[in-house]
Amino acid sequence: MITVANIALVLVSLAAVLVVVRLALGPAALDRVVALDALVTLIVVGAVLGTLARSDTTTGYVLVVLALLGFVGSIAAARLIERREDMR
């Protein structure tokens, strides 16, 4: 189980690096918002994999709050960008 979790952590880390590149180079603000949402999701997935590898369940509440903050942040940013484009 630990080997599978470590392999998955490496793959999630690689995906996070690619998402950070997209976040830095995104041509539009919405691309950056989507990349930021994907990054938060990858962080949550990485934390879940770490939790599974250690068989520790104490971080469950933190992960739920982090996922909720990522969701609310993405919605707020998308609404802000939409309003900005409506004002133009």
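Me: How many salt bridges does the structure hold?

Reply: This is a predicted model: local features need pLDDT of at least 70, side-chain atom pairs count only at pLDDT 80 or more, and totals for chains, interfaces and linings use all residues. Residues are numbered from 1 along each chain as its sequence is written, and side-chain values use heavy atoms, with hydrogens and water left out. A salt bridge is a side-chain nitrogen of Lys or Arg within 4 Å of a carboxyl oxygen of Asp or Glu. The number of salt bridges in the structure is one.

Me: Which side chains meet in a salt bridge?

Reply: Side chains of opposite charge can pair when their charged atoms come close. Here the N to O distance is 3.7 Å. The partners are R22 and D31.

Me: What is the relative accessible area of D31?

Reply: Buried means under 20% relative accessible area, exposed over 50%, and partly exposed in between (1.4 Å probe, protein chains only). R22 is partly exposed, at 43%. D31 is partly exposed too, and its value is 24%.

Me: How far does helix α1 reach from its first C-alpha to its last?

Reply: Helices are DSSP runs (H or I, at least four residues), numbered from the N terminus. The expected span is 1.5 Å times one less than the number of residues. Helix α1 (residues 2–25) has 24 residues, and 34 Å is expected. The model comes close to that, with 35 Å.

Me: Which helix do the buried residues of α1 pack against?

Reply: The buried residues of α1 are A5, A8, V12, A16 and V19. Packing rests on contact, meaning heavy atoms within 4.5 Å. Their partner helix (29–54) is α2.

Me: How many residues has the largest nonpolar core?

Reply: A nonpolar core is a set of buried Ala, Val, Leu, Ile, Met, Phe, Trp, Tyr and Cys residues joined through side-chain atoms within 4.5 Å. Here the largest one is A8, V12, A16, V19, A35, L39, L42 and L49. Helices α1 and α2 each supply at least two residues of this core. The size of the core is eight residues.

Me: Which residues is A16 in contact with, leaving aside its neighbours within four places in sequence?

Reply: A16 is one of the buried residues of α1. It also belongs to the largest nonpolar core. Leaving aside neighbours within four places in sequence, its contacts are L39 and L42.

Me: Is T51 buried or exposed?

Reply: T51 is found in helix α2. Its relative accessibility is 12%, so T51 counts as buried.
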